[in-house]
Each structure stands twice: as C-alpha cells, then as structure tokens.
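Please keep the sequence and the model in view while reading.

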Amino acid sequence: MKATLKNPYVINGAEAEKKIFGVGDFRGGGDEFAKVIQAAKDAGHDGVIIKANPRGALEFRAEQYLMFDPKMQAKSVFDR
C-alpha cells in the first residue's frame, strides 16, 4: 500500500501514549485523542503520523499513519 499525506499532523509516540493512557481510563483517553484528531482536521491536515516510540507500549512501537480520506489517499502498489 502507498499512502499519500501532503499535510500531516505529526505527533511523537510518547505524546500520543500520554494522551491515551495518561488519562487513567482507556475510554477517556480515546476521547482525548479523538479531540487531537479533530483539531488536526480542523487545522487543515490531511492525516496524522504517529512517530514510533520504541520504549513505549506495544501500540506505539511502530510508526502509524491515519488518513482522513483513505479512498483518495491509499493506493495499492498493484494499481499502476
């Protein structure tokens, strides 16, 4: 898969981890992170890149890409 992000909001994994797990309640953390995502959309970003945090929780040890319009931003490497 090839992802195209022209104006991503970049957040480091440690910061994302604090936003989600630092709240004390996973549901509250998810709500808090949803606010970050919405703020990125409102600011004109076309996605979010969460940089890897190799010493953090398993969920954040690899770089992650969130696309706001996956139908337009994600392409198969086989579709040429």
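This is a predicted model: local features need pLDDT of at least 70, side-chain atom pairs count only at pLDDT 80 or more; totals for chains, interfaces and linings use all residues.

Helices (H or I, at least four residues) and strands (E, at least two) are DSSP runs, numbered from the N terminus.

**Pairing of β3 with β4**

On I49 there is also a bridge to Y65 in β4, and β3 and β4 run antiparallel, joined by four bridges. β3 is mostly covered, with four of its five residues buried, that is, under 20% relative accessible area (1.4 Å probe, protein chains only).

**The sheet as a whole**

The three strands form an open sheet in the order β2-β3-β4, with mixed pairing. Because β2 (8-12) and β4 (64-67) stand at the edges, each with a single partner strand, one side of each is left without a neighbour in the sheet. Neighbouring strands are turned by 15° against each other on average, direction ignored, with axes being lines fitted to C-alpha atoms, for helices over the stretch in contact, and angles running from 0 to 180 degrees between N-to-C directions.

**The helix across the strands**

Helix α1 (residues 13-21) lies across β2 and β3 and runs at about 80° to β2, where contact means heavy atoms within 4.5 Å.

**Basis of the values**

Residues are numbered from 1 along each chain as its sequence is written, and side-chain values use heavy atoms, leaving out hydrogens and water. Local features need pLDDT of at least 70 and side-chain atom pairs count only at pLDDT 80 or more, whereas totals for chains, interfaces and linings use all residues.

Notes
Two strands pair if DSSP finds at least two bridges between them. Buried means under 20% relative accessible area, exposed over 50%, partly exposed in between (1.4 Å probe, protein chains only).
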